[in-house]
Amino acid sequence: MVAQILGRAETERARAFVEAQGLAFETGFDELVGVYERDALVAAGARAGDLLKMIALAPEQRGGALLGTLVTELVALGYAAGHAALFVVTRPEHVTSFERLNFALLASHGRAALLESGHGLAGYLAAHRPLVRPGTNGAVVVNCNPFTLGHRHLVEQAARAADTLYVFVVREDRSQFPFPVRMALVREGTKDLSNVRVLDTSRYAVSAITFPAYFLKATDDVAEIQMELDAVLFAEGIAPSFGVRRRFFGTEPACATTRAYNAVLKRVLPRFGVEACEIPRLETGGAAISASRVRDALRRGDLAGASALVPEVTKAFLASKDGAEVRRRLLGGGGSHG
Amino acid sequence: MTVSKKAQAGTMQSSDVMVFVEPAPGLVIEIESTVKRQFEHLIRAKLEQVLRDHGVTAGRVRVSDRGALDYAIEARLETALLRAGRT
């Protein structure tokens with residue numbers, strides 16, 4: 001029998017079961033589903049947004065129909081909640097089990113593998129094919145929360161070292177500046193650079209799927225595995241379609257998560273023929289310009305201080321009505337990434 | 001008729017197919033299958049026949065197939081269409 005697991009006692013049973021299979025039990029899911037046989041839990045799994053996680057099967061039940069039963073239920077609930085495509089992060093040895101359920105492998109790296117249902121990545125690449133130019137191209141992946149003089153400097157430097165530079169703006173909307181605003185500021189702020197193309201990352205780079213730690217601020221082992229998956233997916237799944245042979249990123253003086261990510265990029269990308277190019281950050285007043293410095297200034301209500309660190313286009317946005325709304329939220333808010 | 005709301009039928013078990021239907025401006029069929037290379041054309045022909053029989057002219061039909069035989073494909077798609085209701 002398949003059932004949604006509700007209530008504290010049942011959830012605790014599921015936790016014990018999931019942990020007994022060697023997986024970490026994390027709360028923060030939309031649904032937790034269990035498969036029962038004679039009142040005993042034989043499989044459990046959860047869905048958080050479009051990510052399936054904590055998929056656990058009793059060892060004596062593996063290799064049969066149980067995974068199909070569990071995933072059918074999770075996919076059905078996910079579809080009803082509006083997620084046509086779902087992702088799963090699992091161990092490399094379970095990849096074929098999910099491929100048999102029509103999941104497609106996106107990236108596999110040592111200790112973890114990422115798969116998706118549907119033709120999401122193929123569709124994303126096909127949709128962007130008209131942007132692809134021949135040559136030795138480069139890429140930067142940026143959140144731009146918001147777009148600063150530092151980002152502008154990075155893009156300028158990178159554009160000089162590439163035939164076409166693709167600027168991938170992180171689509172994930174967990175930042176203080178909403179995605180459409182971040183995207184518009186980058187487009188407007190780089191439109192004078194003729195070999196720069198701005199596009200969004202969809203879910204395929206630095207998203208909660210490839211990279212939950214970026215948004216959760218953990219720098220443990222799990223975070224490193226996720227960063228490696230993200231780097232492999234970029235190098236193997238995205239870069240070749242765009243002719244990208246170099247990925248550029250800024251040095252990171254402050255944030256430990258971003259610094260760890262830079263180290264992973266330097267280690268992983270060259271193995272796939274993508275050069276990792278670290279560019280020194282632009283500095284003012286003895287400190288690197290970063291979006292978090294801009295947000296810190298806004299949190300203190302220092303609009304002039306923030307404006308000194310950003311290009312005209314961002315300045316204009318901060319002074320606008322929508323910008324005032326973001327500033328108002330920041331005045332009472334917490335931290336995240338740039 | 002056109003598909004007026006989201007619906008699904010079937011399972012991800014071996015020899016079955018999971019069918020998802022939702023509104024779309026035109027008729028779109030997307031096929032994922034473990035036997036896609038050998039049988040995609042037959043799966044598509046079956047889906048198109050069922051859609052024709054039901055007079056469906058617009059909607060997105062996505063199937064995740066694990067080697068379902070054609071009567072199973074027919075039954076699953078028909079069920080999904082009935083669940084989606086008709087307009």
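A:Gly138 is found in strand β8 (residues 137-142) of chain A, where helices (H or I, at least four residues) and strands (E, at least two) are DSSP runs numbered from the N terminus. The model is predicted, so that local features need pLDDT of at least 70 and side-chain atom pairs count only at pLDDT 80 or more, while totals for chains, interfaces and linings use all residues. Residues are numbered from 1 along each chain as its sequence is written, chains are lettered from A and ligands numbered from 1 in the order in which they are written, and side-chain values use heavy atoms, with hydrogens and water left out.

With a relative accessibility of 0%, A:Gly138 counts as buried (under 20% relative accessible area, with exposed over 50% and partly exposed in between, for a 1.4 Å probe and protein chains only). Leaving aside residues up to four places away in sequence, its contacts include A:Ala162, A:Tyr166, A:Val244 and A:Phe248, contact meaning heavy atoms within 4.5 Å. A:Phe248 lies 110 residues from A:Gly138 in sequence, yet their C-alpha atoms are 7.3 Å apart.

In helix α4 (residues 120-128) of chain A, the residues A:Leu121, A:Tyr124, A:Leu125 and A:His128 are buried. Seen down the axis of α4(A), these buried residues fall within an arc of 95°, so they line one face of the helix; the arc is that of the directions from the helix axis to the C-beta atoms. They pack against β6, β7 (112-117), β9 (165-169), β10 (196-200) and α8 (221-238) of chain A.

## The seven-stranded sheet

An open sheet of seven strands in chain A has the order β1-β2-β3-β4-β5-β7-β6, with mixed pairing, two strands being paired if DSSP finds at least two bridges between them. Strands β1 (2-4) and β6 (103-109) of chain A stand at the edges, each with a single partner strand, so one side of each is left without a neighbour in the sheet.

Within this chain, β2 (residues 31-37) and β3 (residues 40-48) of chain A run antiparallel and are joined by seven bridges; the bridge partner of A:Gly34 in β3(A) is A:Ala44.
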